[in-house]
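Visitor: Could you walk me through this model and tell me what stands behind each label you use?

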Amino acid sequence: MPLERILPSGDLAQDEPQEYLWTMNFGPQHPATHTTLRLVLKLDGERVVDAMPDIGYLHSGFEKLAEHLDYNQYVTVTDRMNYVSPMANNVAWHMAVEKLMGIEVPPRCQYLRVIVAELSRISDHLVCNGAVGLDTGAFTYFLYAFNPREKLYDIFEALCGARFTNSYTRVGGLTGDASPEAIAMIREVIRELPKTFGDMERLLDRNKIFVDRTKGIGVLTKEEAINRGASGPVARASGVTRDLRKDEPYLSYADFDFQVCCATAGDCYARYLVRMAEMRESLKIVAQAIENLPEGPVSIGIRDRASLPPKGMVYSTIEGLITHFEVLMTNRGFEVPCEEIYSATEAPNGELGFYLVGDGSSRAYRARCRPPSFLHFALFPHLIRGHMLSDVVAVLGSLNVIAAELDR
Amino acid sequence: MDAMPTRTTSELKRAFPTAEISEFRGQVRAAVPVSSIGDCLRFLKEQLGFDMLVDLTCVDYLAYRGATSRFGLVYLLLSVDRGERLVVRTFVDDPQPAVPSAVPLWQAADWLEREVWDLFGIRFEGHPDLRRIVLPEQFTAHPLRKDYPLQGRGERHNFPVITRAEG
């Protein structure tokens with residue numbers, strides 16, 4: 001039975017005390033918050049009257065750090081923003097830097113960045129949907145979703161040497177080219193993943209318990225989604241047909257044939273379905289990119305004095321050695337205009353953008369990160385009002401809030 | 001660089017003659033004096049259809065070459081139907097930097113303004129609940145300001161410690 005919405009009561013602290021309502025603390029250490037989120041819930045029996053998110057437990061000040069690390073060093077910090085899909089953050093960061101500097105990366109680099117960004121989208125959605133299943137009681141499902149993620153980590157390891165904190169991109173290129181082994185691994189994953197998606201869909205899509213717990217829960221209308229700044233799968237599940245890969249094609253997304261997955265219901269189940277559908281579309285993009293992977297360098301040449309030359313060149317040629325020094329020396333470094341730029345990508349969670357202010361030095365004067373989780377978690381009190389306590393975890397899971405990104 | 005006039009920029013210029021339009025790498029930006037920022041945002045939302053506030057942030061221009069004001073506020077607007085973006089900037093100065101809140105226009109501004117208040121100390125007048133958001137309530141500084149050191153001012157060592165017996 002659909003529950004009547006109780007009118008928003010605003011701030012918990014300012015409300016008049018009502019004897020029969022009680023306050024429950026949820027988190028910051030709770031298995032269903034996945035990381036450190038804290039919610040103060042005001043309950044009428046088991047019904048949530050209001051929720052007050054309290055964030056900041058993982059505040060690491062990464063925007064301050066950006067002002068003290070150069071454009072290449074900072075990529076290590078972007079790994080730690082949305083740590084479920086670090087590659088997507090790397091790509092977003094260096095795309096913004098390159099847009100500020102006016103660098104166009106070579107086609108092979110663009111394709112490889114698309115591949116890693118889409119693989120990390122699959123990895124992110126596997127975790128998110130797996131965790132939604134886990135939180136609503138489908139533990140086996142979680143294992144089915146988590147297992148193929150190991151294969152994706154193997155690919156990342158083959159590409160850049162790190163499984164989790166990848167730091168794969170550099171200004172004007174990548175740390176290294178994809179080896180034939182890595183490409184073979186990607187081809188294998190393209191063959192195997194549809195089986196996983198099929199397993200997941202068969203396990204949960206029509207599972208009565210799961211559908212009952214997610215359908216009609218946490219409904220976000222299209223107008224609210226736009227007004228409240230939702231993006232990515234959360235907005236698309238509410239009928240906002242917006243995908244930056246289509247609407248503002250960056251890298252080489254214009255070359256690929258894929259669909260934008262949308263739903264209109266705007267509830268937790270719709271968000272789940274949109275993520276499931278998006279994984280298949282991402283796999284389509286990866287398959288097209290790997291078949292049409294252009295030959296050529298993965299970084300812009302050393303003449304632009306922006307990308308680090310390959311190590312072999314540094315050790316064997318004078319030009320390579322000089323460029324290496326010039327890029328790394330603090331009084332030389334990159335040529336950056338005294339300008340401001342906003343660059344956005346369609347990260348797995350939504351619009352991940354960077355607002356960069358350059359001041360001519362090789363460090364950003366200001367590097368604002370527009371984190372999708374931050375705006376999505378702000379939706380939470382609105383989505384949960386009137387629902388039951390057990391729906392908190394379903395809504396929280398379907399928003400895919402990553403605390404490291406949320407707490408800045 | 002002067003921007004190519006579009007419908008948005010020409011209408012904005014007609015309604016707000018003091019707005020300065022510029023363009024960089026295809027991105028259109030409008031600088032609006034702080035006295036008219038509230039009206040300007042309302043005009044952009046209600047008349048020109050910028051229905052989404054993508055981001056709201058701040059830049060501290062304390063050490064920036066050629067800057068005339070201390071803080072620059074940046075509103076990133078988007079018209080979802082047209083897919084058009086617009087960057088609106090306004091500048092505020094010490095002491096007591098303040099701008100009108102955008103929460104009545106876009107709910108998204110709620111947490112974004114709280115974050116700017118927390119990290120830069122800019123007041124948003126008319127915000128329903130302007131509290132710190134990522135830092136603890138007892139924190140006194142605004143750490144993303146340029147005069148705040150990277151290592152902090154020792155706040156970390158002075159956090160209240162709750163022992164197991166007290167908690």
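Guide: Gladly, starting with a loop: B:R25 sits between β1 (20-24) and β2 (27-31) of chain B. Strands here are DSSP runs of E of at least two residues, helices are runs of H or I of at least four, and both are numbered from the N terminus. The model is predicted, so local features need pLDDT of at least 70 and side-chain atom pairs count only at pLDDT 80 or more, while totals for chains, interfaces and linings use all residues. Residues are numbered from 1 along each chain as its sequence is written, with chains lettered from A and ligands numbered from 1 in the order in which they are written.

Visitor: What makes B:R25 count as partly exposed?

Guide: A residue is buried if 20 or more other C-beta atoms, placed from the backbone, lie within 10 Å of its own, exposed if 12 or fewer, and partly exposed in between. B:R25 has 13 C-beta neighbours inside 10 Å, so it counts as partly exposed. Its phi is near 50°, a positive value in a residue other than glycine.

Visitor: And A:L251, why is that one called buried?

Guide: A:L251 has 21 other C-beta atoms within 10 Å, so it is buried. It lies in the loop between α10 (244-247) and α11 (268-291) of chain A, and its phi is also positive, near 45°. Most residues other than glycine have a negative phi, and most peptide bonds are trans.

Visitor: Which peptide bond is cis?

Guide: The one from B:D94 to B:P95, with omega near -10°. B:P95 belongs to the loop between β5 (84-92) and β6 (98-100) of chain B.

Visitor: What makes A:G45 exposed?

Guide: It has 11 C-beta neighbours inside 10 Å, so A:G45 counts as exposed. Its loop joins β2 (38-44) and β3 (47-54) of chain A.

Visitor: How do you know that chain A is as compact as a globular protein of its length?

Guide: The radius of gyration is taken over C-alpha atoms, and the globule rule is 2.2 Å times the number of residues to the power 0.38. For 408 residues the rule gives 22 Å, and chain A has a radius of gyration of 22 Å, so chain A is as compact as a globular protein of that length. This chain holds 17 helices and eight strands, and 54% of its residues count as buried.

Visitor: How do you know that the length of α5(A) agrees with expectation?

Guide: The expected span is 1.5 Å times one less than the number of residues. Helix α5 (residues 139-160) of chain A has 22 residues, so it should span 32 Å, and its end C-alpha atoms are 32 Å apart.

Visitor: Why do you say that its buried residues line one face?

Guide: Buried residues of α5(A) include A:Y141, A:A145, A:L152 and A:F156. The arc is that of the directions from the helix axis to the C-beta atoms; here the buried residues fall within 130°, so they line one face of the helix. On the other side, A:F139, A:T140, A:L143 and A:E150 are exposed.

Visitor: What makes residues of the two chains count as in contact?

Guide: Their C-beta atoms, placed from the backbone, must lie within 7 Å. By that test 29 residues of chain B are in contact with 35 residues of chain A. On the chain B side, β3(B) gives the largest share, six residues.
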